[in-house]
Amino acid sequence: MNKHHASTGPSDDQQITLRGPAELADALPYVLGFQPTDSIVLVALHGDRGRFGGRLRLGIPRSPREWSPVAQQVAECLIEGSEKRGARPDGIVAFLCQDPADGETGRQVMERLRPLAQRLRTACGALDVPVYEALCISGGRYWSYCCPDVRCCPPDGSPLALQGTSVMAAAAAYAGIQVRGSLRDLEARLKPWTGPRAEEQRQALDRAAATVVPGILTGNAREEVRAQTLRTARRLMKRLAAVAPGTSRSESDATDDGLIRNDEAATVVLGLQDRDTRDRAAEWMEGPEAERALRLWRALSRRCVGPYAEHAAAPLTLAGWVAWSTGDEPSARVALSLALEADPDYLFARLLHQACNEGLDPEALRSCLRGERRARTAAKSLPSATRPTRPRAPRPPATRKPNTRATTRPGTPPAQCRGGAPRRRGQRGSRSGR
């Protein structure tokens, strides 16, 4: 049996030694903060004892033709990210997590994904970082792609440990580390509505677009639209704060959905497509405001239905930012990943996602946003003739009516904070000229 030694823990004083595929498979939800589904997960290992370092999660591409380039990309991202944090990995542990489809067994999933596992091992090896272990987790069982010994890694796989019974679970409970359900559960809180209520919300968005979008694109009316959007958002936050969330996530989300009218949701969703409005909303990031804002951004993400799916990039990014700012990194990564699915070129989401994955401190951005708020407050106290202005030219209207989000440069980070934001080399602009 292959032995794998990986030490991890909430602090340097508390370390857990994991040996073998069983303990690695059991540790994965505690490493990520949720149970991954339909995911490639790479975890960097450092030193002789295999200390856990950076980690990266990406959805498994549906087409096997994408497996080779995706394997190269995730290997490069994890290794380069680890180097930026100060240490190149000495090895990597790879996980492929996917539930069986109807009529499929876990072993069939494992065999179907075997070429992907091999491509990940090859891609990491080409960068001189070996994959010490590659596991497939499916249907409550796990398989090792690296261990040939059927005595410890049988062809039919091995059952996962009962949740909460391992040494890792005990250590995580002692340290206050939470597993926030499955990835599917976390994404469900942010996915758009379907069915009849989605059609009603789409109609409300169509009606609001007729007035909100021209206002954003018109210089004289832009500030009025911004004020109306923020006023509506504050009113909704106050309404949400007055009602305690439910005892479960689904109950809480249903309660929040019932407190927001379709026309109110449409006003804020469309208004957030203006970059300045979104930047102002990003200031609700700490204290009591943060909890209320997070509930609102989640609810609005669910209202971006049908042809307005791309509009979800703004509320999803704000949800990810507030979650990261308040210390919930797993939920932040999920929200930011969905924002990039909605709009891969949404620059604010890309920068936040990269910063969160690289373990940067959100305080730098919080400080920028606090400074923006103070400067704006100070400017209001000045005579109108001496107030500083920051003109921004809007883009021309989009040719497709529902694609209003792409017309107002929404994806760029807050203006005062762009200089310190992390950037990838060779990063190109977005569809809206960012």
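These legends describe close-up views of a predicted model.

**View 1. Packing of helices α7 and α9 in the predicted model.** Helix α7 spans residues 219–241. Helix α9 covers residues 262–271. The two pack at an angle of about 130°. Their axes lie 9 Å apart. Angles over 145 degrees would count as roughly antiparallel, and 65 to 115 as roughly perpendicular; α7 and α9 are therefore oblique to each other. Their crossing is left-handed.

**View 2. Residues at the contact of α7 with α9.** From α7 come Gln228, Thr229, Thr232, Ala233, Arg235, Leu236 and Arg239. Helix α9 contributes Glu264, Thr267, Val268 and Gly271. By residue class, the contact holds three nonpolar, five polar and three charged residues.

**View 3. The largest cavity.** The model has three cavities of 30 Å³ or more. The volume of the largest cavity is about 130 Å³.

**View 4. Lining of the largest cavity.** The lining residues are Leu32, Phe34, Arg55, Leu56, Arg57, Leu183, Arg333, Val334, Ser337, His353 and Asn357. Three elements each supply at least two residues of this lining: strand β4 (51–59), helix α13 (329–342) and helix α14 (347–357). Five lining residues are nonpolar, three are polar and three are charged.

Note on methods:
Residues numbered from 1 in each chain as written. Predicted model: local features only at pLDDT ≥ 70, side-chain atom pairs only at ≥ 80, totals over all residues. Heavy atoms only, no water. Axes fitted to C-alpha atoms, helices over the stretch in contact; angles between N-to-C directions. Helix = DSSP H or I, 4+ residues; strand = E, 2+ residues; numbered from the N terminus. Parallel < 35°, antiparallel > 145°, perpendicular 65-115°, else oblique. Left-handed = near helix turned anticlockwise from the far one by under 90°. Contact = heavy atoms within 4.5 Å. Nonpolar A, V, L, I, M, F, W, Y, C, P; charged D, E, K, R; others polar. 1 Å grid on protein atoms, 1.4 Å probe; cavity = no way out; pocket = protein on both sides within 12 Å on 5 of 7 lines; lining within 4 Å. Points joined across faces, edges and corners; volume = space filled by probe spheres on them.
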